Amino acid sequence: MDYRLLFSALFPVLSVFVFLVILRWPARKAMPLCLLGTALITATVWSVPPLTIAASVAEGLVIAATVLWVVFGALLLLNLLENNGSFLMIRRGFISISADQRIQLLFVGWLLVAFLEGAAGFGTPAAIAAPLLIALGFKPLAAVVLTLIADSVPVSFGAIGTPVLVGLTNGLPGVSPDLIQQSAVMAAGIDLLCASLIPVIMCLLLCRFFSDTPSWRSGLAIAPLAFLSGLCYSVPAFLVARYLGPEFPSLLGALSGLVLLTLLVRFGVAVPAQVWRCQPENTDLAPDQSTELNKLHVFKAWGAYLLLATLLILSRLELLPFKAALQSVEFKWSGIFGSTLSATMQPLYLPGTLFVLTLLILLPWQRQRRRLLGKATAESLSRIWPAAITLASAVPMVRLFLHSDLNSADLPAMPLYLAAIASEHLSHLWFWFAPWVGALGSFIAGSATFSNLMFASMQQQLATESGLPLHWVLALQMLGANAGNMLCVVNVVAAASVVKLTGQEGQIMRFTLFPMALYCLLASAVAVLLLRFTT
């Protein structure tokens, strides 16, 4: 083994981990150094031409701009709703269902996140759900950490099935649709247990680490209801995956879960007798009882998010003409600096554009709309620049990592080199390591779709060498890609910037690291047990 190559390939991953998680540097300081180090290594060790390095950085800047547009759109809508009092009404509406913040977490931090991931993906869930949790009285760090953890399970079928339909299908050219369907159903089947434990973990973390009175006991008290809320999502998602295909499991599973959990809470099933809050309730925000007008105000306050969810779904459905129309407006930079790389942007299809469109539709109905828009715009612009610095470094670093195969040394791309080493030494235990490859792809690229696209063929090769069923291994690849979504730099930076936590990315990642690892281990354990009992 060439340890020089191994260290070089690991540098982008290790540098992010050391600077952000161990040294606790803010991302806006750490990521430029990671980018510089990665650029030097790709030039000197991997022999990537300077022109290709420059093209990779330029491509990364274009992608970073699309992420920033999503963040800006989320901030703009968020600031408008904060300034016009909508968040206060939303909070009162949730308190009327339950004043227990553990139950509120199950509704907003778990099932609403799953719904938004199923509809749009692309960082939208945390950008919407985290501010809602803060409006409900959650601490900002808790809101970001818990929504990032929740935004893992539904990623398998996020954005109307994109990780399966685009990632797996294009990652395995010529593979039969039946195999893709079998892999998707297997992933949903393994998730019947794994997914159902995620809300339990979320509640335990909330009560132990984000409360003024830390206690594991409070988390254990809500664990039965949390597990049921997990089943409320995972069982419908499995049925949809099996009988309808990979487009709608996350979307319909989340909608079914919201209805089922509401019924459980209304009938008091597994609901703790004692109401729990992570910090004392502000009595000024207590719900006003017995006024129909108040209910109307709550509905109007939710109108922005109902409109946004409708626009997201309509813009993503293949059977409607809107998706094609929005995607038809495209800016493409082909042959960047004379290289083989290109960058594409579809501005109308980006979720950020739908955030802004939602705001523009609502604005005529607002009082003092000019003042509201001006204040929301100023606040959004003032908060976005630290995220811009981070993303302008992190995304180009990722593109260098992925395009390192464009070299004169006849070496594979760094992630494929790492995966090949893992397969060489660990093929006999591949069920335990397949999810970690998927997690690596999502951690670096910030996309489960790209992780599946990049590693599906390697997983196919390892399944053949290990004598394992291919659809089982691909299912573990999908679930590992889900887990990596909790920890990827792009998601963490985007979510932190929306809730004014820029600079605390390392602290966020320390909280999401353990749930990510646990998800991978659970997926492998369930797969090993199922295979043992079914063969």
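**Close-up views of a predicted model**

**View 1. Contacts of Tyr305 in the predicted model.** Beyond the neighbours within four places in sequence, Tyr305 is in contact with Leu77, Leu81, Phe87, Ile90, Ile128 and Leu132. The model is a predicted one.

**View 2. Nonpolar cores.** The largest nonpolar core holds 193 residues, and Ile190 and Tyr305 are the ones that touch the most other members. Helix 9 (residues 177-209) contributes the largest share of this core, with 19 residues. Another core, of six residues, lies apart from the largest one; Ala55, Ala58, Val62 and Ala343 are among its members.

**View 3. A nonpolar patch on the surface.** The patch is formed by Phe7, Leu14, Phe17, Val18, Ile22, Leu23, Trp25, Leu33, Leu36 and Leu40, which together have about 880 Å² of accessible area. At least two residues of the patch come from each of helix 1 (3-22) and helix 2 (27-44). Helix 1 supplies the largest share, five residues.

**View 4. Leu33 within the patch.** Leu33 is located in helix 2 and is one of the residues that form the nonpolar patch. Its relative accessibility is 39%, so Leu33 counts as partly exposed.

**View 5. The chain as the setting for these views.** The secondary structure comprises 21 helices and two strands. The C-alpha atoms fill a box of roughly 75 × 55 × 50 Å along the principal axes. Of the 535 residues, 59% are buried. The chain exposes about 21,100 Å², and carbon and sulfur atoms supply 67% of this area.

How values were computed
Residues numbered from 1 in each chain as written. Predicted model: local features only at pLDDT ≥ 70, side-chain atom pairs only at ≥ 80, totals over all residues. Heavy atoms only, no water. Core = buried A, V, L, I, M, F, W, Y, C linked by side-chain atoms within 4.5 Å. Buried < 20%, exposed > 50% of the residue type's maximum accessible area, 1.4 Å probe, protein only. Helix = DSSP H or I, 4+ residues; strand = E, 2+ residues; numbered from the N terminus. Contact = heavy atoms within 4.5 Å. Patch = residues over 30% accessible without salt bridge, like charges linked within 9 Å, V, L, I, M, F, W, Y side chains within 5 Å. Areas by Shrake-Rupley, 256 points an atom, 1.4 Å probe, with all protein chains shown as cover. Salt bridge = Lys/Arg side-chain N within 4 Å of Asp/Glu carboxyl O.
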